[in-house]
Amino acid sequence: MNHDDEPPTGPLLDDAALDRLLDASPALEPSAQLMRRVAELPLTHPQRAPLRELWPFASALRLVLSGALLLALGAASALWSAGTAQADDALDELSGLMLGSDLDLEEAP
Amino acid sequence: VNALALPGWAAPRYTANLAWSRGVAAQQEPSSVSEPSPHDEAQWMRQVAAGDSAAYRRLVDRYLRRIVAYAQRLLHDAAEAEDVAQETFLKLWQGAAGYEPRARLSSWLFRIAHNQCVDRLRRRRDAGPDALERQSAGDRPSGLLEQKQLAHRIDVALAELPERQRAAIALVHYEGMSQAEAAEVLDCGVEALESLVSRARRTLRSALSDLREDSP
């Protein structure tokens, strides 16, 4: 510590004497009431869930990857539905033809 | 360490602070064999974040007295110091998940307490001179015993220091923190902290110079 710039105002306390004086000022002890209040805080104040526990994306990269995965799933689902729709049309036509011919056969003498 | 018996005082309960000064805080916990490492404390904080009240109690045992003493040094008001300590531990309990082990736990806690003290001192300043009087006078009666008078003189000298100098002395002298750790609490550089301590000590030496052992 640098004390070179002290004003020359006569004899002052030296460092050790000042330390001894400061030590003569006692510290405040916490009251029993405070100790009880502090000990009971976990009971009286439930913990709040931190925001990051509610937010499923720990990082921006994970957020981007999750978005990309959702887009890919959406695209795959759309392609699959389009293919299914075409197959359904073909099946409808086929079954119509088949049902129609079956009826014809039943009505034949 | 001589504990001071002060039965006549209404609100505050004081003991000598030597156990806490110069980094020997372990003396306040005779049962603890060794100081917990920062790693231990980080582990306790993770446990607190998971709702472990036993880990919370360990931290209360370790820090409550120090936080109360620090707040009292800054505020010179026992009731307010206890309110600050309670708020600090509430923040510890509810905000443990936000604690980053990069900072020392002691710095993190003392900073919470310090910020609350600063808020309260600011409110006092806004409230006017009546509220400030409480700070400069302290809440200790004077004139009962020589030792009480001495303690009162020192308290008044500390109370008259500028707020950051008082905080620096409280952290470095009374809490036994290293200058780096105290600088973390006060959110300043080590050189600035050194300067605060140096100026505070110079002012105190001047204010208390009549208490020299060889003075009449």
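Predicted model: local features only at pLDDT ≥ 70, side-chain atom pairs only at ≥ 80, totals over all residues.
Colleague: What makes A:D88 count as partly exposed?

Modeller: Its relative accessibility is 38%. Buried means under 20% relative accessible area, exposed means over 50%, and partly exposed is in between (1.4 Å probe, protein chains only).

Colleague: Thanks! How many helices and strands does chain A have?

Modeller: There are five helices and one strand in chain A, in the order α-β-α-α-α-α from the N terminus on. Of its 109 residues, 18% count as buried.

Colleague: Why is the pair B:Y56 and B:W93 called edge-to-face?

Modeller: Rings of Phe, Tyr and Trp (its six-membered ring) pair if their centres lie within 6.5 Å; planes under 30 degrees apart count as stacked, over 60 as edge-to-face and the rest as tilted. By this rule there are three aromatic pairs over all chains. For B:Y56 and B:W93 the centres are 5.4 Å apart and the planes stand at 70 degrees, so this pair is edge-to-face. B:Y56 is in helix α2 (residues 53-75) of chain B and B:W93 in helix α3 (residues 78-95) of chain B, so the pair ties together parts 37 residues apart in sequence. Both B:Y56 and B:W93 are buried.

Colleague: And what makes B:Y70 and B:F110 an edge-to-face pair?

Modeller: Their ring centres are 5.4 Å apart and the planes are at 75 degrees, so the pair is edge-to-face. Here B:Y70 in helix α2 and B:F110 in helix α4 (residues 105-127), both of chain B, are 40 residues apart in sequence. B:Y70 and B:F110 are buried too.

Colleague: How do you know that B:R62 forms a salt bridge with B:E41?

Modeller: A salt bridge is a side-chain nitrogen of Lys or Arg within 4 Å of a carboxyl oxygen of Asp or Glu. The closest N and O atoms of B:R62 and B:E41 are 2.7 Å apart, and the pair forms a salt bridge. B:R62 lies in helix α2 and B:E41 in helix α1 (residues 38-49), both of chain B, so parts 21 residues apart in sequence are tied together. B:R62 and B:E41 are buried.

Colleague: What about B:R125 and B:E163: are they buried or partly exposed?

Modeller: B:R125 is partly exposed, with a relative accessible area of 44%, whereas B:E163 is buried at 18%. Their side chains meet in a salt bridge (3.4 Å, N to O).

Colleague: How many salt bridges are there over all chains?

Modeller: A search of the whole structure finds 14. A:D15, A:D19, B:R201 and B:R205 are linked in a network of salt bridges.

Methods: Residues numbered from 1 in each chain as written. Chains lettered and ligands numbered in written order. Heavy atoms only, no water. Helix = DSSP H or I, 4+ residues; strand = E, 2+ residues; numbered from the N terminus.
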